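Work through the exercises below with the sequence and the 3D view at hand. Try each task before reading its solution.

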Amino acid sequence: TYHGDPEFWSLNMDEYQRVYDSKEAATLHFWKPILMLIWAIGVLYMVRSIFATWALRRRERLDPDIVETYQAIRMLFRQFRRAMDTP
């Protein structure tokens, strides 16, 4: 029986241990998948965060050729604007 008075449980420690072990196993059986899911979500979030940080750092680095091309086009537009402003 799972119910009884304290005297019953003090005399039947083997029964108490068996009930306790079964409750502990049931609790672990219930919570283990949930905890593993939470752990997996946490790991996936960390990996996603690492890749996002890596992508942002990579995007911030500008290619020197693109910068030089931009500066050349900007200089050409500036010269064209000056030529159009002269009377």
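R78 sits in helix α3 (residues 64-85) and is partly exposed, with a relative accessible area of 36%. The terms are set by cut-offs: buried is under 20% relative accessible area, exposed is over 50%, and partly exposed is in between (1.4 Å probe, protein chains only). Helices are DSSP runs (H or I, at least four residues), numbered from the N terminus.

The model is predicted, so local features need pLDDT of at least 70, side-chain atom pairs count only at pLDDT 80 or more, and totals for chains, interfaces and linings use all residues. Residues are numbered from 1 along each chain as its sequence is written, and side-chain values use heavy atoms, with hydrogens and water left out.

**Exercise 1. Name the residues that form a positive surface patch with R78.**

Step 1. Recall the rule. Patch residues have over 30% relative accessible area and no salt bridge; like charges are joined within 9 Å, and nonpolar side chains (Val, Leu, Ile, Met, Phe, Trp, Tyr) within 5 Å. Lys and Arg count as positive. The place of an Arg charge is taken as CZ.

Step 2. Read off the members. R74, R78, R81 and R82 form the positive patch.

**Exercise 2. Which residues make the nonpolar surface patch of about 510 Å²?**

Step 1. List the members. They are F30, W31, I34, L35 and I38. The area comes from the Shrake-Rupley method with a 1.4 Å probe.

Step 2. Look at I38. I38 lies in helix α2. I38 is exposed, at 53% relative accessible area.

Step 3. Look at W31. W31 is partly exposed, at 44%.

**Exercise 3. Which side chains meet in a salt bridge?**

Step 1. Start from the general idea. Side chains of opposite charge can pair when their charged atoms come close.

Step 2. Set the cut-off. A salt bridge needs a side-chain nitrogen of Lys or Arg within 4 Å of a carboxyl oxygen of Asp or Glu.

Step 3. Search. The whole structure holds 1 salt bridge. R18 and E15 form it, at 2.9 Å from N to O.

Step 4. Check the spacing. R18 and E15 are 3 residues apart in helix α2, so they are separated by about one helical turn.

Step 5. R18 is partly exposed at 43%. E15 is partly exposed at 22%.

**Exercise 4. Compare sequence separation with C-alpha distance for D14 and H29, N12 and Y45, and A26 and Q71.**

Step 1. D14 lies in helix α2 and is exposed at 70%. D14 and H29 are 15 residues apart along the chain, with 22 Å between their C-alpha atoms.

Step 2. N12 is in the loop between α1 (6-11) and α2. N12 is partly exposed at 27%. N12 and Y45 are 33 residues apart, and their C-alpha atoms are separated by 49 Å.

Step 3. A26 is in helix α2 and is partly exposed at 45%. A26 and Q71 are 45 residues apart in sequence and 69 Å apart, C-alpha to C-alpha.

Note on methods
Helix = DSSP H or I, 4+ residues; strand = E, 2+ residues; numbered from the N terminus.
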